[in-house]
Amino acid sequence: MPDAILRLALPSPLRRLFDYLAPPGVAAASLQPGMRLRVPFARRDLVGVLVEVRQDSEVPADKLKPALELLDRTSPLPPALLRLCQWTAQYYQHSLGDTLSWALPVLLRQGEPAEARQERFWRAADGARADDPRLARAPRQRQALTTLAQHPHGVPQHLLPQLQINRDSLNLLLEKDLVSVEVRRARSPERHGSWLAQAELPLNPEQRAAFDAVDSAFGGFNAFLLAGVTGSGKTEVYLQLIRRTLEAGRQALVLIPEINLGPQTLERFSRRFNARIVLLHSAVNDRERLDAWLAARDGEADIVIGTRSALFTPLKHPGLIIVDEEHDGSYKQQEGLRYHARDLALVRARQENVPVLLGSATPSLESLHNAYAGRYALLRLTQRAGGAQPPRFLRLDVKSRPLDSGLSAPLQQAIAQTLAAGQQVLVFLNRRGFAPTLLCHDCGWIGQCSRCDARMTLHQRHGELRCHHCGHVERRPSRCPACGLVDLRPVGAGTERAEERLAILFPQIPVLRIDRDSTQRKDAMNQLFATIQRGEPCILVGTQMLAKGHHFPRVTLVAILDADGGLFSADFRASERMAQLIVQVAGRAGRAEEPGKVIIQTHLADHPLLVQLTEQGYFAFAEQALSERRAASLPPFSHLALLRAEAHRPGQAEAFLQDACQEAERLLDEAGLGGVELLGPVPAPMERRAGRHRAQLLLQGNARPTLHRLLGLWTPLLEQLPGGRAVRWSLDVDPIDLY
Ligand code: ADP
Ligand code: ZN
Ligand code: ZN
């Protein structure tokens, strides 16, 4: 009988599988897909995942190498997860091995055992008593023993300090055989009685209708779009649906955007449920991630909350998938495997036959389109749950008004009035730093990044010019590098400048800045929020970090300093993003008794999209924007794939893309495929970035299947193109920005 051939997915960009022989002494019959093996690969060792065992290989028998080691006795990957990764790799035209690398916890990729951490557990020995005469003069040991006796299942090592037990006392107790220690896997905390730790709020009629719709769909695939204005009680609906999921003995997966919302969400969920909840976000370390992953896989976690990559967490008994703030851009990964976790949530729900609920106050145009087309059931919450009034919008035309650090005079007055009334103000500006440009008033020199086609942002406080595209940093010049004169002026305003100016205008009032620069220090964000929650007058200045999730009930005025970027941009999604930001920022305010007011500074006060948005709301805007997309055959009315390339020398990226384009034309011709347009190659909107020259080729298809047939034929050829060696290229299926 011929040797069995193991076909493995390896962490390599190449879109193919690799054949090996079984390691010495391992019977092929004992192998199952999903098991990991260590294999030799180009003078290195790699950890691969077994996809199938076959009898034949295209590799000549004498070239096949045996794998070095089998790492698992059973497959750590449930078949459902392997299937999801295979679908993902296929759809995004990515290598399966690399897809698995993105999907699996780091420790599994590195070949660590797929086992939860073992820990030392301390227990009072049977029959040990605190009044043991040997402890008469040892109060600490007595205390430690008494505490341990209260925990019959044992106390894990890491909790000892919290219980004020020190190791010395334990060692002395151990010598007397009064305690025992055992190394084992942490046992999940036991649940007591009801899943609810806290009473549920009675749902209002809209919430009830949404709840009932999803509730009656349990047990099968169904997609729902919960479009509810900020504060309408979407989270309450999620919580009650999760309770139903838990009661049915199933697990819930909740995806949240990538920001500091994790702890807040976790707290709210923990208050509500007696359940085992795991949180997976970027700050979780590798060990914790693996433990959480295993707990979810083995049915020992009831609720999994996490950012984008948590979509790939295996669940033993999946019951419900929720994607909160489904419009959020952080669900799309912008490097390596360019997947969209919201889109994959739908795929996964269908594969696992469970309902999926997408929620947002500002649904993406894609999801709205799917709802209008009947693919998702649309559930709407139109009222704020706590009875708070919706904010009022005012478009402030700043065409002929001078801006003082980004602030017009009428806006300054409105801020002053709000503060005088004892209320808080939120100033939103989606630009970090002091000023986006440093200009020489004598010769017109502008601070440009030496590695990008971009201006350097002035960060006054640090005396630096920083490139926000490549991270390049220079000292702020004291003289103009071109003419040597000293009249260098910041042009335009970022959050740092607005903050500085507001602090001068309102010297008695605290001004708090919230952006990536101000919140790098751990806990800085929490301190800021504590100040805000105290409720005294203050001004918050910040970027889109302000737009997400947090509630500022005492804010009654929201000022949006610049809405025009979203109306001018060449990116067709810019207006959608702008509208979402405006509505989300506005939704932070005026939650309680005081209604909020939103002032939008703009040079385009009559722009139809802005008028729709501010006078008739997000849905009216979205319908208008969708009809513009339809007229222009843009997504969701067509489907895109973007081939990006970059190279050290000018022309190399274009040459590669030119060849790629010819191949695509030939394939379309040969396969008789119509309805796919090739746009380009063209230089990228930012042609040079981090020292590389960039270009792109856009593919636009009327129908997804045709576009995907082309991609499936095309990408293997791209790997072979000779011009590909000098360039870095990537394919982005369903790109969300065209940069
Ligand atoms: P969203 O997720 O839509 O922003 P939340 O679920 O956070 O909204 O609800 C906003 C506020 O309204 C919260 O303070 C919440 O406790 C409250 N709330 C939600 N649903 C109800 C309800 N049915 N009755 C009373 N208050 C509610
Ligand atoms: Zn100059
Ligand atoms: Zn740069």
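Modeller: P681 sits in strand β28, which covers residues 676-689. Keep in mind that this is a predicted model. The peptide bond leading from G680 into P681 is cis, and omega there is about 5°.

There's another cis bond to look at, from P635 to P636, with omega near 5°. P636 belongs to the loop between α18 (618-631) and β27 (639-647). While you're in that loop between α18 and β27, find S633 as well. S633 isn't a glycine, yet its phi is positive, about 50°.

You'll find S405 in the loop that runs between β16 (392-397) and α12 (409-420). S405 has a relative accessible area of 14%, under the 20% cut-off, so this serine is buried.

Now for a side chain: go to R15, in the loop between β1 (5-9) and β2 (18-21). With a relative accessibility of 28%, R15 is partly exposed. Which residues does R15 touch, setting aside neighbours within four places in sequence? They are Q93, H94, S95, T715, E719 and W729. Take E719: the C-alpha atoms of R15 and E719 are 8.4 Å apart, although 704 residues separate the two in sequence. Their side chains make a polar contact at 2.8 Å. A polar atom of the R15 side chain also lies 2.7 Å from the backbone oxygen of Q93.

Last, a pair of helices. Two packed helices are described by the angle between their axes and the distance between those axes. Helix α1 (residues 79-91) packs on helix α10 (residues 341-352) at about 135°, and the axes are 11 Å apart. That angle makes α1 oblique to α10, and the crossing is right-handed. From α1, the contact uses A80, R83, L84, W87 and T88, while α10 brings in L344, V347, R348, Q351 and E352. Sorted by type, the residues of this contact between α1 and α10 come out as 5 nonpolar, 2 polar and 3 charged.

Notes
Residues numbered from 1 in each chain as written. Chains lettered and ligands numbered in written order. Predicted model: local features only at pLDDT ≥ 70, side-chain atom pairs only at ≥ 80, totals over all residues. Heavy atoms only, no water. Helix = DSSP H or I, 4+ residues; strand = E, 2+ residues; numbered from the N terminus. Buried < 20%, exposed > 50% of the residue type's maximum accessible area, 1.4 Å probe, protein only. Contact = heavy atoms within 4.5 Å. Polar contact = N/O pair within 3.5 Å; in protein donor to acceptor, adjacent residues only side chain to side chain. Axes fitted to C-alpha atoms, helices over the stretch in contact; angles between N-to-C directions. Parallel < 35°, antiparallel > 145°, perpendicular 65-115°, else oblique. Left-handed = near helix turned anticlockwise from the far one by under 90°. Nonpolar A, V, L, I, M, F, W, Y, C, P; charged D, E, K, R; others polar.
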